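This report walks through the fold of a single protein chain, then turns to a few of its residues. The sequence and the model are shown below.

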Amino acid sequence: MERKEFLRSLGAGAAFALTFPCLQGCSKDDVNGDKVEQPTGIDFTIDLNSTEGQKLANNGSFILKNLVVVVKDLNGNFVAATQVCSHESYDQVRFLSNDGGIFYCDVHGSRFALDGAPLNQVDSKTAKPLKIYNTELNGNMLRVFE
Ligand code: FES
């Protein structure tokens, strides 16, 4: 069952609760994930023919590796961003196919464009951009680097 179908089957109230779990603010006990330091020196390669790489076969798919969200966006381009949210440093940034494809952190609901630009402001703090990494495709080898 697709996530969308699953949420639909739960009904609007439950789907809202699952999608926006921390609108009133969260303590560490309320959220998944951890507060982590932004990784440095990111430079790795993914063989798109490997078991790991095949998870990026479809547009809109993503994998998590070394605290990086590696995405094949809805247009088939590879994009990579840190998993570490610029809001409060939780490692919960993921890719969502909604809204044309965005990065999203479910801890407090921060949303980011694929270039890392913040799309909303979740509290009185100024939203900061999400760190984006370079990607380079050589044959079936995808390099992600700073
Ligand atoms: S840590 Fe607050 S929205 Fe991500």
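## The open sheet

Six strands are arranged as an open sheet in the order β1-β9-β8-β4-β3-β2, with antiparallel pairing; strands here are DSSP runs of E with at least two residues, helices are runs of H or I with at least four, and both are numbered from the N terminus. Two strands are taken to pair if DSSP finds at least two bridges between them. At the edges lie β1 (43-47) and β2 (61-65), each of which pairs on one side only. From one strand to the next the twist averages 25 degrees, where axes are lines fitted to C-alpha atoms, for helices over the stretch in contact, and angles between N-to-C directions run from 0 to 180 degrees. In general, strands of a sheet pair through backbone hydrogen bonds, in either a parallel or an antiparallel sense.

Within this sheet, strand β8 (residues 132-138) runs antiparallel to strand β9 (residues 141-145), and five bridges join the two. Leu-137 has Leu-142 in β9 as its bridge partner.

## Basis of the model

The model is predicted, and local features are therefore reported only at pLDDT of at least 70 and side-chain atom pairs only at pLDDT 80 or more, whereas totals for chains, interfaces and linings use all residues. Residues are numbered from 1 along each chain as its sequence is written, and side-chain values use heavy atoms, with hydrogens and water left out.

## The chain as a whole

The protein chain contains two helices and nine strands, which follow the pattern α-α-β-β-β-β-β-β-β-β-β along the sequence. Of its 146 residues, 37% count as buried, a term that means under 20% relative accessible area, with exposed meaning over 50% and partly exposed lying in between (1.4 Å probe, protein chains only). Among contacts (heavy atoms within 4.5 Å) between residues at least 6 apart in sequence, 44% join residues at least 24 apart.

## The β5-β6 hairpin and the cysteines

Strands β5 (residues 93-96) and β6 (residues 102-105) pair in the antiparallel sense over four bridges, and Val-93 stands opposite Cys-105 in β6. Five residues lie between the strands of this hairpin, in which Asp-99 takes a positive phi near 55 degrees.

Cys-105 is buried, with a relative accessible area of 2%, and Cys-85 likewise counts as buried, at 3% relative accessibility. With a disulfide defined as a pair of cysteine sulfur atoms within 2.5 Å, the count comes to zero.

## His-87 and its surroundings

His-87 is found in the loop between β4 (78-82) and β5, and it counts as buried because its relative accessible area is 15%. Its side chain makes a polar contact of 3.0 Å with the side chain of His-108 and another, of 2.7 Å, with the side chain of Asp-123; such a contact is a pair of N or O atoms within 3.5 Å, of which, within protein, one must be able to donate a hydrogen and the other to accept it, and residues adjacent in sequence count only if both atoms are side-chain atoms. Leaving aside residues up to four places away in sequence, His-87 touches His-108, Ser-110, Val-122, Asp-123 and Lys-125.

## Positive phi in two loops

Ser-89 is also found in the loop between β4 and β5, where its phi is near 70 degrees, a positive value in a residue other than glycine; at 30% relative accessibility, Ser-89 is partly exposed. Leu-67, in the loop between β2 and β3 (68-72), has a positive phi near 65 degrees and is partly exposed, with a relative accessible area of 26%.
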